Amino acid sequence: MWLGRLWRLVCGSLLVVALAPAVGCASHPLLQRPPVAAPASSTTWLKAQDGTRLFARLHATTTRPKGWVWLLEGTGGATRDDDDELISALQEVGFGVAQFHPRGSGYSDGPRGDVDDFQKVHDDCDRFAAFLAEHVQGAPVFLLGQSAGGAMALDVMRRAPAAFAGVVL
């Protein structure tokens with residue numbers, strides 16, 4: 001009796017393993033562009049060395065800002081308006097907010113969540129850091145990393161510590 005059950009279990013398991021690639025484990029192509037369009041207002045598109053479009057957006061204050069907060073979101077987020085409250089709160093206390101999405105994240109182009117060479121992400125962040133430095137007019141810049149953006153914030157800070165007044169994870 002138990003030998004029959006064991007045999008059915010083994011045969012059933014082999015059938016599942018044999019059919020899985022055909023029915024449920026097929027690979028899906030990666031999206032190359034964001035699933036939603038970027039907001040049109042105050043958006044700047046930077047070009048990476050390889051031509052990839054990179055989303056950048058500066059949220060200025062009505063007066064000279066006390067400083068700027070570079071918001072580094074995780075790889076899958078930032079294509080919603082869920083940061084609006086945080087951006088508004090920072091602006092209300094006198095900070096400008098800089099948003100940037102490296103390749104494959106947020107509104108930037110590139111395979112979603114799949115980076116074949118992390119040096120490209122380093123280069124993307126360096127390109128935005130130079131862009132931001134041109135626009136902040138000497139005001140202090142703080143990095144704020146959310147989710148996987150926390151790891152990116154630490155990496156950006158490690159590579160150019162003098163450029164930033166602090167980091168929030």
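Contact here means that heavy atoms lie within 4.5 Å, and helices (H or I, at least four residues) and strands (E, at least two) are DSSP runs numbered from the N terminus. The model is a predicted one, in which local features need pLDDT of at least 70 and side-chain atom pairs count only at pLDDT 80 or more, while totals for chains, interfaces and linings use all residues. Residues are numbered from 1 along each chain as its sequence is written, and side-chain values use heavy atoms, with hydrogens and water left out.

Helix α3 has Val121, His122, Asp124, Cys125, Phe128, Phe131 and Leu132 as its buried residues, where buried means under 20% relative accessible area (1.4 Å probe, protein chains only). The cover over these buried residues of α3 includes the strands β1, β2, β3, β4 and β5 together with helix α4.

The two helices α3 (residues 118-135) and α4 (residues 148-159) pack at an angle of about 70°, and their axes, which are lines fitted to C-alpha atoms over the stretch in contact, are 11 Å apart. Because angles of 65 to 115 degrees count as roughly perpendicular, α3 and α4 are therefore described as roughly perpendicular to each other.

| Helix | Residues in the contact |
|---|---|
| α3 (residues 118-135) | Phe118, Val121, His122, Cys125, Asp126 |
| α4 (residues 148-159) | Met152, Asp155, Val156, Arg158, Arg159 |

Asp109 lies in the loop between β4 (95-101) and α3, and Asp109 is buried, with a relative accessible area of 10%. Beyond its neighbours within four places in sequence, Asp109 is in contact with residues including Gln32, Arg33, Thr52 and Arg103.

Definitions and conventions. Axes fitted to C-alpha atoms, helices over the stretch in contact; angles between N-to-C directions. Parallel < 35°, antiparallel > 145°, perpendicular 65-115°, else oblique. Buried < 20%, exposed > 50% of the residue type's maximum accessible area, 1.4 Å probe, protein only.
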